[in-house]
Amino acid sequence: MSILMQYVDRFHEILDKHADQRTTNWFMMSSPFPTLFICLSYVYGVKVLGPKLMENRKPFQLKNVLIVYNLFQMVFSAWLFYEIGMSGWLTGDYSLRCQPVDYSDRPQVLRMVHACWWYYFSKFTEFMDTIFLY
């Protein structure tokens with residue numbers, strides 16, 4: 001177990017050394033382990049727990065929940081598109097070609113950083129698609 005902990009500590013040292021200092025204190029940004037835990041829990045829930053809980057039950061009627069969920073996802077995605085566009089893609093600050101990361105604290109750059117975090121977070125809300133439809 002101590003060997004595993006040494007690897008984990010070394011991994012955190014590498015992450016701390018190369019982390020973007022603007023986001024290290026943000027929710028789920030200090031380590032990849034919360035994301036890993038959520039993803040593994042999702043797979044377990046969809047592949048093992050969910051089918052076991054529902055094997056002797058009728059399907060839930062989720063029409064209204066799905067309507068609200070899809071409306072939320074549509075508005076959320078439209079807002080993300082607007083934020084990413086206004087923070088660089090539509091204003092000329094970013095191009096479709098590779099370019100170095102801008103680590104400055106300019107307001108437009110910080111807006112893009114926030115939009116990218118919300119995009120990352122949106123992937124977790126999209127897990128609900130499979131949970132509803134599985």
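The side chains of R111 and E83 meet in a salt bridge, with N and O 2.9 Å apart; the term denotes a side-chain nitrogen of Lys or Arg within 4 Å of a carboxyl oxygen of Asp or Glu. R111 lies in helix α4 and E83 in helix α3 (residues 63-89), so the pair ties together parts that are 28 residues apart in sequence. Helices here are DSSP runs of H or I, at least four residues long, numbered from the N terminus. The model is predicted: local features need pLDDT of at least 70, side-chain atom pairs count only at pLDDT 80 or more, and totals for chains, interfaces and linings use all residues. Residues are numbered from 1 along each chain as its sequence is written, and side-chain values use heavy atoms, without hydrogens and water.

E83 is buried, at 12% relative accessible area. R111 is partly exposed, at 30%. Buried means under 20% relative accessible area, exposed over 50%, and partly exposed in between (1.4 Å probe, protein chains only).

The count of salt bridges comes to five. Among them is the pair D20 and R22, at 2.7 Å from N to O. R22 is buried, with a relative accessible area of 16%. D102 forms another with R106, the closest N and O atoms being 3.1 Å apart. D102 is partly exposed, at 28%, and R106 is partly exposed, at 40%.

Helix α2 spans residues 33-54. T35, Y42 and V46 are buried in α2. The buried residues of α2 pack against α4 (107-125) and α5 (127-133), where contact means heavy atoms within 4.5 Å.

Note on methods:
Helix = DSSP H or I, 4+ residues; strand = E, 2+ residues; numbered from the N terminus. Expected span 1.5 Å × (residues − 1).
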